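Subject: Structure handover

Hello,

Please find the structure below, followed by notes on what was found in it.

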Amino acid sequence: MKSIVYATSILLSLLLFGCNSEPTLQKYFVEHSEKKDFISLDVSSGVINVDKTKLSAEQKTALESFDKMNILVFKEDGKNTSEFEKESKEVAKLLKGKDYSELMKIGSGSDMASISFVGNEDDIDEFVLFAKKKDNGFGVVRILGNDMNPNNIINMISVLKDSQLNMEQLKPLQDLIKK
């Protein structure tokens, strides 16, 4: 009987301490994807239509390291300014957490953009682009992949410029921009 109580105690302890209740950007995406004023979009690597035979070795490596993008946009409409301020501060706070390293920041205050990453410089698991503009809203883009590095992102941008994007996956963002 003692062994059953002991085993149950250990199992409960593992469950309680194993669950991370700290806020994360991933949890933020999940919790806000269905909320009013937010648009959420997941984009697979299939959005990039490119002739792989015309890519350089670096571009191929960059494309292979890319897995998917999660996009979350808050559209500020003049009626939800306080919500915009609150939510954008929450995202900024998450990106200042111990898991994220800031690579670059442009601007400050209500008009700014930043690029952060998770991992180390040679093996990046996630890039995060965060941009906000007063009277417009903000957007957060999580670029997920394997063995990414800053050069991969630069090469990926060159691939995107030359590709035919599958606009069907980006339709929700197009609809937002038109409003």
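Which residue in β6 is the bridge partner of Ser114? In this predicted model, Ser114 is bridged to Phe130 of β6.

First, the conventions. Residues are numbered from 1 along each chain as its sequence is written, and side-chain values use heavy atoms, with hydrogens and water left out. As the model is predicted, local features need pLDDT of at least 70 and side-chain atom pairs count only at pLDDT 80 or more, while totals for chains, interfaces and linings use all residues.

Confidence

The pLDDT is the predictor's confidence in each residue, from 0 to 100. Its mean over the chain is 80, and 79% of the residues reach 70 or more. Residues 5-18 have a pLDDT below 50, and beyond near neighbours in sequence this stretch has 1 contact in the model (contact means heavy atoms within 4.5 Å). Where pLDDT is low, the predicted coordinates should not be read in detail.

Overall layout

The chain has 6 helices and 8 strands; these are DSSP runs numbered from the N terminus, helices being H or I of at least four residues and strands E of at least two. Along the sequence the pattern is α-α-β-β-α-β-α-β-β-β-β-α-β-α. Of the 179 residues, 33% count as buried (buried is under 20% relative accessible area, exposed over 50%, partly exposed in between, with a 1.4 Å probe and protein chains only). Among contacts between residues at least 6 apart in sequence, 60% join residues at least 24 apart.

The sheet

An open sheet is formed by 6 strands in the order β1-β3-β7-β6-β5-β4, with antiparallel pairing; two strands pair if DSSP finds at least two bridges between them. β1 and β4 stand at the edges with a single partner strand each, so one side of each has no neighbour in the sheet. From one strand to the next the twist averages 10 degrees.

Strand by strand:

- β4 (residues 100-108) and β5 (residues 111-120) pair over 8 bridges, and Glu102 has Ser116 of β5 as its bridge partner. Their hairpin has 2 residues between the strands, and Gly109 there takes a positive phi near 65 degrees.
- β5 and β6 are joined by 10 bridges and form a hairpin with 2 residues between them.
- β6 and β7 pair over 9 bridges. Glu126 stands opposite Leu144 in β7, and Phe127 stands opposite Ile143 in β7. In this hairpin, with 3 residues between the strands, Asp135 has a positive phi near 70 degrees.

Helices on the sheet

Helix α4 (residues 81-95) lies across β1, β3, β4, β5, β6 and β7, at about 155 degrees to β6. Helix α5 packs on the sheet as well, touching β3, β6 and β7, and its direction makes about 60 degrees with that of β6. Axes are lines fitted to C-alpha atoms, for helices over the stretch in contact, and angles run from 0 to 180 degrees between N-to-C directions.

Cores

A nonpolar core is a set of buried Ala, Val, Leu, Ile, Met, Phe, Trp, Tyr and Cys residues joined through side-chain atoms within 4.5 Å. The largest has 18 residues, of which Val43, Ile48, Phe66, Met69, Ile71, Phe127 and Ile143 touch the most other members. Two or more residues each come from β1 (38-44), β3 (66-75), β6 (123-133), β7 (137-148) and α5 (150-162), and β3 gives the most, with 4. Apart from this core lies another of 17 residues, including Val91, Tyr100, Phe130 and Val140.

Regards
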